[in-house]
Amino acid sequence: MKSLHRPDLYAWSSFNPARNIDFNGVAWIRHSGNILIDPVALSNHDWNHLESLGGVAWIVLTNSDHVRSAPEIANQTYAKIAGPAAEKDNFPIHCDRWLVDGEEVVPGLKAIELQGSKTPGELALLLEETTLITGDLVRAHKAGTLTILPDEKLLNRKEAVASVQRLADLTQVETVLVGDGWSVFRDGRDRLKELVATL
């Protein structure tokens with residue numbers, strides 16, 4: 001796992017040749033139990049690293065298309081899984097908890113429900129006001145800039161644009177960790193505003 005911009009955050013990736021981007025998992029290391037977000041498969045090295053950091057207590061999934069390696073990791077670690085409440089009826093795996101807009105997963109990690117993406121009620125996660133973690137709607141195919149899903153994949157473009165505007169209105173965001181593509185580590189709010197301007 002790679003160290004990120006904070007000493008308690010790590011990421012690891014799986015390259016998708018069809019889309020020519022990385023799919024990213026994030027680990028938040030905390031004394032009260034580590035949290036993985038949208039985890040992709042872990043290499044043996046990453047497994048050992050995660051275990052050395054205290055394993056995993058919770059896996060948070062931003063949407064039903066980002067289940068990825070959550071079942072396997074949960075089976076091996078006994079971690080609990082949380083997912084978006086708006087997708088409860090059709091979620092492909094069992095979740096121990098369903099997250100709604102504004103709810104804190106744990107203190108300091110807040111769920112933000114997005115509308116109009118390719119799955120209903122996709123979540124973004126805001127970590128201690130300054131780090132935004134996104135699933136599918138907001139992504140980055142080129143380093144330093146953000147984009148959104150193509151129109152044909154959106155359930156409702158108008159709602160999707162409003163959701164991105166809502167993220168851009170978060171005043172303290174410095175970093176945007178994307179589930180798909182290149183993350184932005186500086187001036188994250190400015191990149192979100194630039195994205196809104198293109199929509």
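Which residues is Thr175 in contact with, leaving aside its neighbours within four places in sequence? They are His5, Thr130, Thr131, Leu132, Val184, Phe185 and Gly188. Contact here means heavy atoms within 4.5 Å.

This is a predicted model, where local features need pLDDT of at least 70, side-chain atom pairs count only at pLDDT 80 or more, and totals for chains, interfaces and linings use all residues. Residues are numbered from 1 along each chain as its sequence is written, and side-chain values use heavy atoms, with hydrogens and water left out.

Thr175 lies in strand S14 (residues 175-177). Helices (H or I, at least four residues) and strands (E, at least two) are DSSP runs, numbered from the N terminus. Thr175 has a relative accessible area of 1%, so Thr175 is buried. Buried means under 20% relative accessible area, exposed means over 50%, and partly exposed falls in between (1.4 Å probe, protein chains only). The side chains of Thr175 and His5 are joined by a polar contact of 3.4 Å. Such a contact is a pair of N or O atoms within 3.5 Å; within protein, one must be able to donate a hydrogen and the other to accept it, and residues adjacent in sequence count only if both atoms are side-chain atoms.

Val138 belongs to strand S12 (residues 138-139). Val138 is also buried, at 1% relative accessibility. Residues up to four places away in sequence aside, Val138 touches Leu146, Thr147, Val164, Leu167, Val178, Leu192 and Leu195. One of these, Val164, is 26 residues from Val138 in sequence. In space the two are 7.6 Å apart, C-alpha to C-alpha.

**Two helices**

Helix H1 spans residues 44-52, and its buried residues are Asp46, Trp47, His49 and Leu50. They sit on the same side of H1 because they cover an arc of only 165° around the axis. The arc is that of the directions from the helix axis to the C-beta atoms. Exposed Asn44, His45, Asn48 and Ser52 are on the face turned away from the buried side of H1. The buried residues of H1 pack against strand S2 (9-16), strand S4 (35-37) and helix H2 (70-77). Just after H1, Gly54 has a positive phi of about 110°.

In H2, the buried residues are Ala70, Ile73, Ala74 and Thr77. Down the axis of H2 they fall within an arc of 100°, so they line one face of the helix. An α-helix has 3.6 residues a turn, so residues three or four places apart point the same way. Asn75 and Gln76 are exposed on the face of H2 turned away from its buried side. The cover over the buried residues of H2 includes S4, H1, strand S5 (58-60) and strand S6 (80-84). Just after H2, Tyr78 takes a positive phi of about 65°.

| Largest | about 250 Å³ | 16 residues, with Asp22, Asn24, Gly181, Trp182 and Ser183 nearest its centre |

S2 and strand S3 (21-28) are the elements that give two or more residues to the lining of the largest pocket. S3 gives the largest share, 4 residues. The lining of the largest pocket divides into 9 nonpolar, 5 polar and 2 charged residues. The lining of the second largest pocket has 3 nonpolar, 2 polar and 8 charged residues.

Definitions and conventions
1 Å grid on protein atoms, 1.4 Å probe; cavity = no way out; pocket = protein on both sides within 12 Å on 5 of 7 lines; lining within 4 Å. Points joined across faces, edges and corners; volume = space filled by probe spheres on them. Nonpolar A, V, L, I, M, F, W, Y, C, P; charged D, E, K, R; others polar.
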